[in-house]
Amino acid sequence: MITVQLNRQNFEYDVHSLVKAFYPEQEVHISCVGSAKEMQTDRDIQGKGSDQEPLRLVICFLPEACEADCKSADTGEEQRISKDDISGISVRFETAQGVMLFDEVSVEPGTQRKEIKNILKKLLYQLLVRYTGAELPWGNLTGIRPTKIPMSLLEQGWKNSQIAQYMRDTYYTSREKTALAIMIANRERHIMQDINFKNGYSLYVGIPFCPSICLYCSFSSSPLHLWRDQVDTYLDALCKEIDYASEAFAGKELNTVYIGGGTPTTLEPYQMDRLLTKLEQRFCFDKLREFTVEAGRPDSITKEKLEVLRAHGISRISINPQTMNQKTLDLIGRRHTVEQTEEAFYLARELGFDNINMDLIVGLPGEERAEVEHTMQEVSRLDPDSITVHSLAVKRAARLRLFKEEHKEMTMTNNAQIMDMTAEYAQKLGLYPYYLYRQKNMAGNFENVGYAKEGREGIYNILIMEELQSILALGAGASTKLVWAKDRIERIENVKDIKNYIERIDEMIERKRAGLHEWNAS
């Protein structure tokens, strides 16, 4: 375990994310204490009974205890040190052998918190590079939306070359990742130039059922066999929420709809028809740019279900193999075959679907370059309209972590060569990157990238990532995101548990009513 001590709060997330990026297999524990003396005491206590401690980081903002109530040395009276009163930052790396690395930087008076954070991350990153000998493709960036930086600078009139220099100097991003972020930011701006951000919104509808739960999954989904008798009851509650939400957003312009999950195609044809008919009756689709249904699992797709989607004019679907290696599918709990993926894809093409996405995951257990390349070759034969390449992020809720001992023999590999290879295959298919995001605990500290043919981009994907438009979210586990301004976003969350969602649907509606009251008046 790596321990980190801070004498100031509100920087824990960035420090944890950066250290974890260098040590993905290690537990990182952060504690906040008030002064160097307290840090030493805490170190002595934690060190007792421990033969070895591979690494301890001590991060100290000067003056000490800068966010604590303390006694004045002159008067003895209680006083509060200003949280912006920082003159410097020091970082030291300690092991059982003593202090291994130490450095500090000064901070100009009046420096804003955001810049203080950047100074800290630059210092910490430089020391981690020196200590480990490794560099990260995204440098010291810890946020999940790297494209927000070039997007903001483009809006300010910066040139691409100026943005690239700024990102490399400030965040130490590699030339390749810098170029990728700037390329995608420019494409996103082009795609979204006609989107109504101020009075428009997008709609998300969650179907929280799956044929089975994948080993790495942490989404709000449940095995269909446990809930099959309750699906119609769930739809009853969902339709009630639809009735309220459609009225609450009646004066706004609906731009995209995304039905996700879970696996929406676990619904029977009559259930899918009921849901789509309800949406058509309650929402105005006059300004709709895109309607996506995540077909997801090939083992949930039938001709009858696809025919229902076509009858309702669904413009975009996603058929997600994750991998085209049967051994891996069996290992991770995807109870379908490679052949079922191909059959579902060809069936969708025969029925007229001309905008099909396929999700893939790099870093799955046991898969290295050869296995990923096999997947890319098989997917290339199908020629989808877009591909989303995910770097595996194993979250705490996933069974792969809950049963870590049981699955300890699994290796998860990702590197720059594998990511570059997937990009090359996408380019050969005429697919170019259009959106990007990152997650914590991501294999190889890389990213998720969406590639698409011209005019086949997933607009909803961009909107949900860039946080430029409000997202109305319905269903169990759904989180509505209200964009007030660039610096203010409010969330209204539904309960994740299906039973609770059904029983407490009136409460979910009241949550929205309370949250939307002020937003609608703004």
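How many helices and strands are there in the protein chain? There are 18 helices and 20 strands. Helices here are DSSP runs of H or I with at least four residues, strands are runs of E with at least two, and both are numbered from the N terminus.

Some ground rules. This is a predicted model, where local features need pLDDT of at least 70, side-chain atom pairs count only at pLDDT 80 or more, and totals for chains, interfaces and linings use all residues. Residues are numbered from 1 along each chain as its sequence is written, and side-chain values use heavy atoms, with hydrogens and water left out.

Now the whole chain. It has 522 residues, and 54% of them count as buried. Buried means under 20% relative accessible area, exposed means over 50%, and partly exposed is in between, with a 1.4 Å probe and protein chains only. Next, contacts, meaning heavy atoms within 4.5 Å. Take the contacts with a separation of 6 or more: residues 24 or more positions apart account for 73% of them.

Let's go to helix α4. Which residues of α4 are buried? They are I149, P150, M151, L153 and L154. Just after α4, G157 takes a positive phi of about 95°.

Look at P150 in this helix. Its relative accessibility is 0%, so P150 counts as buried. Leaving out residues up to four places away in sequence, P150 touches I163, M167, A181, I182 and A185. Take A181 from that list. P150 and A181 are 31 residues apart in sequence, yet 7.0 Å apart in space, C-alpha to C-alpha.

That leads to the helix pair. Two packed helices are described by the angle between their axes and the distance between the axes. Helix α4, residues 148-155, and helix α6, residues 175-191, pack at about 60°, with axes 8 Å apart. That makes α4 oblique to α6. On the cut-offs: under 35 degrees is roughly parallel, over 145 roughly antiparallel, 65 to 115 roughly perpendicular, and the rest oblique. The axes are lines fitted to C-alpha atoms, for helices over the stretch in contact, and angles run from 0 to 180 degrees between N-to-C directions.

Who meets whom? From α4 come P150, M151, L154 and E155; from α6 come A181, I182, A185, N186, E188 and R189. By class, this contact has 6 nonpolar, 1 polar and 3 charged residues. Nonpolar covers Ala, Val, Leu, Ile, Met, Phe, Trp, Tyr, Cys and Pro; charged covers Asp, Glu, Lys and Arg; the others, Gly among them, are polar.

The axes of α8 and α9, residues 269-282, come within 10 Å and cross at roughly 10°. The two helices are therefore roughly parallel to each other. The contact includes L235, L238 and I242 of α8, and L275 and L279 of α9. Its residues divide into 8 nonpolar, 2 polar and 7 charged.

On to the aromatics. How many aromatic pairs does a search of the whole structure find? It finds 16. Rings of Phe, Tyr and Trp (its six-membered ring) pair if their centres lie within 6.5 Å; planes under 30 degrees apart are stacked, over 60 edge-to-face, and the rest tilted. W158 and Y166 form an edge-to-face pair, 5.6 Å centre to centre, with 80° between the planes. W158 is partly exposed at 31%, and Y166 is partly exposed at 28%.

Y201 and F249 form a tilted pair, 4.6 Å centre to centre, with 50° between the planes. This pair links distant parts of the chain, 48 residues apart: Y201 is in strand β8, and F249 is in the loop between α8 and β11. Both are buried. There is also one aromatic cluster formed by F22, Y125 and Y172.

Last, the backbone. A cis peptide bond joins G261 and G262, with omega about 15°. G262 lies in the loop between β11 and α9. N10 has a positive phi near 80°, in a residue other than glycine. N10 sits in the loop between β1 and α1, and is partly exposed at 47% relative accessibility. Q322 also has a positive phi, near 70°. Q322 is buried, with a relative accessible area of 11%.
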